[in-house]
Amino acid sequence: MDNLLNNKGITLMYDAIFACIIMFFALAIFANSIPRPILIQKDLSEYANSVLIWMDSKGLLTKCIYEEDLKLLSSILNKLCPKNYRLEVYSLEGTLLWSYTSSGFDFDRSSASQQYLLISYQGIPSPRFVILKISP
């Protein structure tokens, strides 16, 4: 009987260790999926480049640009940028197609990202240049 209780205790201990391992991996996956805030550097153009690269890596940039999803775009940029930004979308010829400007954006004090090229959306070639401008 005593041996049976020891075996049951060891089994419970293994179950607890296994549960902790599963919980650790779940937390690690969850923490990896949360966007990491990028420290705003003095040069806002580098920060704007980083924001566009991050959005593109998550597949969010093409959706926002080609579908002109301003609700999604503003919710993302409000979290990642100071509330002083302007996003401009140009055709390959350099024609401004559309833009979105936050309420606190200052045109005179802004820094711009490099032109970020998007080639196609859902397999259809349609090049677009995206520029993100941030003002302090």
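**A walk through a predicted model**

Let me start at isoleucine 17, which is found in helix H1, the helix that covers residues 2-33. Please keep in mind throughout that this is a predicted model. Isoleucine 17 is partly exposed, because its relative accessible area of 44% falls between the limits of 20% and 50%. Together with Ile10, Met13, Tyr14, Ile21, Phe24 and Phe25, isoleucine 17 makes a nonpolar surface patch of about 750 Å².

Now let us step back to the whole chain. Its secondary structure comes to four helices and five strands, and from the N terminus on these elements run α-α-α-α-β-β-β-β-β. Of the 136 residues in the protein chain, 30% are buried. The chain exposes about 9,100 Å², and carbon and sulfur atoms supply 62% of that area. If we take the contacts with a separation of 6 or more, residues 24 or more positions apart account for 54% of them.

From here I would like to turn to the strands. S1 and S2 run antiparallel and are joined by five bridges, and one example is valine 89, whose bridge partner in S2 is tryptophan 98. The two strands form a hairpin with five residues between them, and in the turn glycine 94 has a positive phi of about 95 degrees.

A search of the whole structure finds three aromatic pairs, and I will show two of them. In the pair of tyrosine 85 and tyrosine 100, the ring centres are 6.3 Å apart and the planes stand at 35 degrees, so the pair is described as tilted. Since tyrosine 85 lies in strand S1 and tyrosine 100 in strand S2, this pair ties together parts that are 15 residues apart in sequence. Are these two tyrosines buried or exposed? Tyrosine 85 counts as buried, because its relative accessibility is 0%, whereas tyrosine 100, with a relative accessible area of 24%, is partly exposed. Phenylalanine 105 and phenylalanine 107 form an edge-to-face pair, with 4.8 Å from centre to centre and 85 degrees between the planes. Here phenylalanine 105 counts as buried at 10% relative accessibility, while phenylalanine 107 counts as exposed at 53%.

Next come the charged residues. Side chains of opposite charge can pair when their charged atoms come close. The count for this model comes to four salt bridges. Glutamate 88 takes part in a salt bridge with arginine 86, where the closest N and O atoms are 2.6 Å apart, and in another with lysine 133, where the closest N and O atoms are 3.3 Å apart. Because lysine 133 lies in strand S5 and glutamate 88 in strand S1, their pair ties together parts that are 45 residues apart in sequence. Glutamate 88 is buried, with a relative accessible area of 4%, and lysine 133 is partly exposed at 21%.

Salt bridges that share partners also join Lys63, Glu67 and Asp69 into one network. Within it, the side chains of lysine 63 and aspartate 69 meet at 3.6 Å, N to O. Lysine 63 counts as partly exposed at 29% relative accessibility, and aspartate 69 is likewise partly exposed, with a relative accessible area of 21%.

I will finish with threonine 62, which has its place in helix H3, residues 60-66. Threonine 62 is buried, because its relative accessible area of 16% is under 20%. Which residues does threonine 62 contact, leaving aside its neighbours within four places in sequence? They are Asp56, Glu67, Leu118, Ser120 and Tyr121.

Technical notes:
Residues are numbered from 1 along each chain as its sequence is written. This is a predicted model: local features need pLDDT of at least 70, side-chain atom pairs count only at pLDDT 80 or more; totals for chains, interfaces and linings use all residues. Side-chain values use heavy atoms; hydrogens and water are left out. Buried means under 20% relative accessible area, exposed over 50%, partly exposed in between (1.4 Å probe, protein chains only). Contact means heavy atoms within 4.5 Å. Rings of Phe, Tyr and Trp (its six-membered ring) pair if their centres lie within 6.5 Å; planes under 30 degrees apart count as stacked, over 60 as edge-to-face and the rest as tilted. Two strands pair if DSSP finds at least two bridges between them. Patches are made of residues with over 30% relative accessible area and no salt bridge: like charges are joined within 9 Å, nonpolar side chains (Val, Leu, Ile, Met, Phe, Trp, Tyr) within 5 Å. Accessible areas come from the Shrake-Rupley method with a 1.4 Å probe; for residues, only the protein chains shown count as cover.
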